[in-house]
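Please look over the structure below before reading on. The briefing goes through it topic by topic.

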Amino acid sequence: LRFRTVGTIALKEAARSAATSRRHHARHALVVTQVALALTLMIVSGLMLRTFAALLKVHPGYVRPDEVLTFRVAIPNGLIADDQEAARTLQNVAERVAQVPGVASVGLASAITMDGEDNGNPFYVDGIPRTDPPMRRYRSVGPGLVETMGNRMVAGRPVTWSEIHERRPVIMISEALAREYWNDPADAIGRRVGGSPADSWREVVGVVGDERDDGLSRPATPIVYWPVLNENYRWRRMAYVVRSTRARTTQFVREVQQAVWSVNPSLPLAQIETLDEIEARAMSRTSFVMVMIGIAAAVALLLGVVGLYGVIAYAAAQRTRETGIRLALGAQVGHVRRLFLRQGVTLTAVGIGIGIALAIGVSRVMSALLFGVGHVDVLTYATMSVELFGVALLATYLPARRASRVDPLIALRGEL
């Protein structure tokens, strides 16, 4: 601001500071540092944007999450002691909620994708020795879950309520788990698996499409889908998923609550939220980091541009007499502008070179936050470098243009 215009005061101050070349070097070093830091943050911000865009393209195991209402219902032993009756109550709740106007489908499970629930147990496959089995994520489910979530049956079919009440030895597994053991998911149908050496074998009747249960940036989790009621696991706290275009309305939530209470008025409802709210919570760390780095990059870019502008404006003020003499002797305006543009371009180029080196180191450290993009992404590095160079060139051009318009008489008179 101080040197935004060329005047007599600027000329006199420039004359008094002619011997302070070390200050010039310090200013130049500061500008280079600002440009380097700005580019580093811009590149990191660009990588996070690329990561966010890549995450949005990942199929999480569901579709249109804003249309899915989720809530949990717990059936304590003190309310219903018999496991069979508790399972029938879960079915009745699902059927009654399905009658609410606007409901397309209803499903239930002990956990929902990305809700933080993690129930791991050993997993055995018939034909593979039962020694040191791997731990797999278990999930108790009822009919309607796959279609309500918008997932798909890769092979086979879902379990039915009749199979659940009759306690038939059936089970479903995820696509990732099926491929791990049999490569082709279709080959998993009819295979026998179990949960412990003492268990009887269960027949795989369905292979469910993968779910990104640990977040969109993590590989699909191998999941074993047990029926709600079986000889070993009797889930009393289930999460319901309800697909409806009315899912986000308060009136719809009230109607769903009334439907549940019409089955049993003592059933408590908890954690009522939509599926996209669960997704937003799971992606909150990535979103927060992206926003904060974006803000820092914007501030750094602003500081770098202002610093570059200030240095070039200051240099133009110092060389006002020289500029006036050049113009008086017939120098072209374009030549005068290039004198100052060259200085700004040089500082910017040095800063960009240092910034690229810094960005490579920083992005390598934060590579765990990246998804679908390498920490040295040529497109991101090139785009951000060109953008910064363009903005810096504009910041250099403005004071250079102003310096080239100085009146030679005024410039020479300022030295008297």
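Predicted model: local features only at pLDDT ≥ 70, side-chain atom pairs only at ≥ 80, totals over all residues.

Residues are numbered from 1 along each chain as its sequence is written, and side-chain values use heavy atoms, with hydrogens and water left out.

**Overall make-up**

- The chain has 13 helices and 12 strands; helices (H or I, at least four residues) and strands (E, at least two) are DSSP runs, numbered from the N terminus.
- Of its 416 residues, 47% count as buried. Buried means under 20% relative accessible area, exposed means over 50%, and partly exposed lies in between (1.4 Å probe, protein chains only).
- Taking contacts between residues at least 6 apart in sequence, 82% join residues at least 24 apart. Contact here means heavy atoms within 4.5 Å.

**Helices α3 and α7**

- Helix α3 covers residues 83–98 and helix α7 covers residues 250–263; their axes come within 9 Å and cross at roughly 140°. Axes are lines fitted to C-alpha atoms, for helices over the stretch in contact, and angles run from 0 to 180 degrees between N-to-C directions.
- This angle makes α3 oblique to α7. Angles under 35 degrees count as roughly parallel, over 145 as roughly antiparallel, 65 to 115 as roughly perpendicular, and the rest as oblique.
- The crossing of α3 and α7 is right-handed. A crossing is right-handed if the near helix is turned clockwise from the far one by less than a right angle, and left-handed if anticlockwise.
- On the α3 side, the contact is made by T89, N92, V93, R96 and V97, and on the α7 side by V256, A259, V260, S262 and V263.
- Sorted by type, the residues of this contact are six nonpolar, three polar and one charged. Ala, Val, Leu, Ile, Met, Phe, Trp, Tyr, Cys and Pro count as nonpolar, Asp, Glu, Lys and Arg as charged, and the others, Gly among them, as polar.

**Salt bridges**

- Side chains of opposite charge can pair when their charged atoms come close.
- The whole structure holds 16 salt bridges. A salt bridge is a side-chain nitrogen of Lys or Arg within 4 Å of a carboxyl oxygen of Asp or Glu.
- One of them joins E180 and R136, with the closest N and O atoms 2.3 Å apart. E180 is in helix α6 (residues 175–182) and R136 is in strand β5 (residues 135–141), so the pair, 44 residues apart, links distant parts of the chain. R136 is buried at 10% relative accessible area, whereas E180 is partly exposed at 44%.
- R139 and E211 also form a salt bridge, at 2.7 Å from N to O. This pair links distant parts of the chain too: R139 is in strand β5, and E211, 72 residues apart from it, is in the loop between β9 (202–208) and β10 (223–227). Both R139 and E211 are buried.
- A network of salt bridges links R137, R139, E211, D213 and D214.
- E67 pairs with R64, their closest N and O atoms being 3.1 Å apart. E67 counts as buried at 18% relative accessibility, and R64 counts as partly exposed at 47%.

**Positive phi values**

- Most residues other than glycine have a negative phi.
- R64 has a positive phi, near 45°, and lies in the loop between α2 (21–56) and β1 (68–74).
- N183 has a positive phi, near 65°. N183 is in the loop between α6 and β8 (192–194) and counts as exposed at 60% relative accessibility.

**Two residues and their surroundings**

- S105 sits in strand β2 (residues 103–109) and is buried, with a relative accessible area of 16%.
- Leaving out residues up to four places away in sequence, S105 touches E147, T148, V241, V242 and R243. S105 and E95 are 10 residues apart in sequence, and their C-alpha atoms are 9.4 Å apart.
- L37 is in helix α2 and is partly exposed, with a relative accessible area of 46%.
- Leaving out neighbours within four places in sequence, L37 is in contact with A300 and L358. L37 and I352 are 315 residues apart in sequence but 8.9 Å apart in space, C-alpha to C-alpha.
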